[in-house]
Amino acid sequence: MPLGLGRRKKAPPLVENEEAEPGRGGLGEEEPGPLVGGGAGRPQMGLPPPPPALRPRLVFHTQLAHGSPTGRIEGFTNVKELYGKIAEAFRLPTAEVMFCTLNTHKVDMDKLLGGQIGLEDFIFAHVKGQRKEVEVFKSEDALGLTITDNGAGYAFIKRIKEGSVIDHIHVISVGDMIEAINGQSLLGCRHYEVARLLKELPRGRTFTLKLTEPRKAFDMISQRSAGGRPGSGPQLGTGRGTLRLRSRGPATVEDLPSAFEEKAIEKVDDLLESYMGIRDTELAATMVELGKDKRNPDELAEALDERLGDFAFPDEFVFDVWGAIGDAKVGRY
């Protein structure tokens, strides 16, 4: 069946193949920020957070990744509130929290906190550390970066491709927050906006990155992680249930995803990286949720336009997403 009948014309892919780079961190409500590459950073209106009395009364344990006593947090319904609770527990400004990992203090992008937290997961909060400014000569169209964001206004590096332009600059590491490019602040921007800016930088010229790395514990000082590898699979929690954080509406306690959903999410996340230079488990989960009951690619395209129109997914990508969901349904992994 032809894809996109009556569908509005989409922009071409932001990134060729697996590169440089722009998911939606998938958590929390979006911050208004500078509009990059065309107004995709505007805040979206959704349901207000529920009153405290109606929020899940779940208690999670947390530590600062570089070392701290254990704190207890509860009563949050999105990632912004989660960061606020962590900051309150450790008497920090909320803006100091960069991202969280589950069950490890290391900068392990396979364990990055996405839109779901297992009910038995331990949360490690990574806070701002050393700031650095780096000049990069763009010798290739593809820089070798995959970008993600924390759902609360910070975009950071999730993967560095081996042998790429960025891989040869050892001061740049996975987990570094991208504060500015050539002096233009990116605070409040989504990861796909940052990826678009990097993609649009002219080849053969030097540009400046202003970065902030997460504060490290002693055993992490020499670490330069390459980030998650394709096929590693989403990390959706180790408990028997999971707290699903939503950008619109209250958090909900749900069963862990089925085997079909986990595999479909993994495949769609790989497609996001291939087409757009972003990895975002929560965005991939949303796309699988939208597509699993659709009868054909056109219905999926309409659903994506309605819910995720700012991403301007190209038709070829939508068709591949449809195929990935269909393959997972029948067990073709």
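In which hand does the crossing run where H3 passes H4? The crossing is right-handed, as the first of the close-up views below sets out for this predicted model.

**View A. Packing of helices H3 and H4 in the predicted model.** The axes of H3 and H4 lie 8 Å apart and meet at an angle of about 115°. H3 passes H4 in a right-handed crossing. From H3, the residues in contact are Ala264, Ile265, Val268, Asp269 and Leu272, and they meet Thr281, Leu283, Ala284, Ala285, Met287 and Val288 of H4. By class, this contact comprises 9 nonpolar, 1 polar and 1 charged residues.

**View B. Packing of helices H4 and H5.** Helix H4 spans residues 281–291 and helix H5 spans residues 297–308; their axes are 9 Å apart, at an angle of about 135°. This angle makes H4 oblique to H5. The crossing of the two helices is right-handed. Leu283, Thr286, Met287, Leu290 and Gly291 of H4 are in contact with Leu300, Ala303, Leu304, Arg307 and Leu308 of H5. Sorted by class, the contact of H4 with H5 holds 7 nonpolar, 2 polar and 1 charged residues.

**View C. Phe313 in the loop between H5 and H6.** Phe313 belongs to the loop that links H5 to helix H6 (315–329). With a relative accessibility of 2%, Phe313 counts as buried. Phe313 and Met276 are separated by 37 residues in sequence, while their C-alpha atoms are 9.0 Å apart in space.

**View D. Strand S8 and its pairing partners S9 and S10.** Strand S8 (residues 177–181) is mostly covered, with 5 of its 5 residues buried. S8 pairs with strand S10 (residues 206–214) in the antiparallel sense over 4 bridges, and Thr212 in S10 is the bridge partner of Met177. S8 also pairs with strand S9 (residues 184–185), again in the antiparallel sense, over 2 bridges. Within this second pairing, Ala180 stands opposite Ser185 of S9.

**View E. The S8–S9 hairpin and its turn.** S8 and S9 form a hairpin with 2 residues between them. Asn182 lies in the loop between these strands and has a positive phi of about 50°, although it is not a glycine. Most residues other than glycine have a negative phi. With a relative accessible area of 46%, Asn182 is partly exposed, whereas the 5 residues of S8 are buried.

**View F. Asn103 in the loop between S3 and S4.** Asn103 is found in the loop between strand S3 (97–102) and strand S4 (116–118). The phi of Asn103 is positive, about 70°, although the residue is not a glycine. Its relative accessible area of 37% makes Asn103 partly exposed.

View G. The buried residues are His191, Tyr192, Glu193, Val194, Ala195, Arg196, Leu197 and Leu198.

How values were computed
Residues numbered from 1 in each chain as written. Predicted model: local features only at pLDDT ≥ 70, side-chain atom pairs only at ≥ 80, totals over all residues. Heavy atoms only, no water. Axes fitted to C-alpha atoms, helices over the stretch in contact; angles between N-to-C directions. Parallel < 35°, antiparallel > 145°, perpendicular 65-115°, else oblique. Left-handed = near helix turned anticlockwise from the far one by under 90°. Contact = heavy atoms within 4.5 Å. Nonpolar A, V, L, I, M, F, W, Y, C, P; charged D, E, K, R; others polar. Buried < 20%, exposed > 50% of the residue type's maximum accessible area, 1.4 Å probe, protein only. Pairing = 2+ DSSP bridges.
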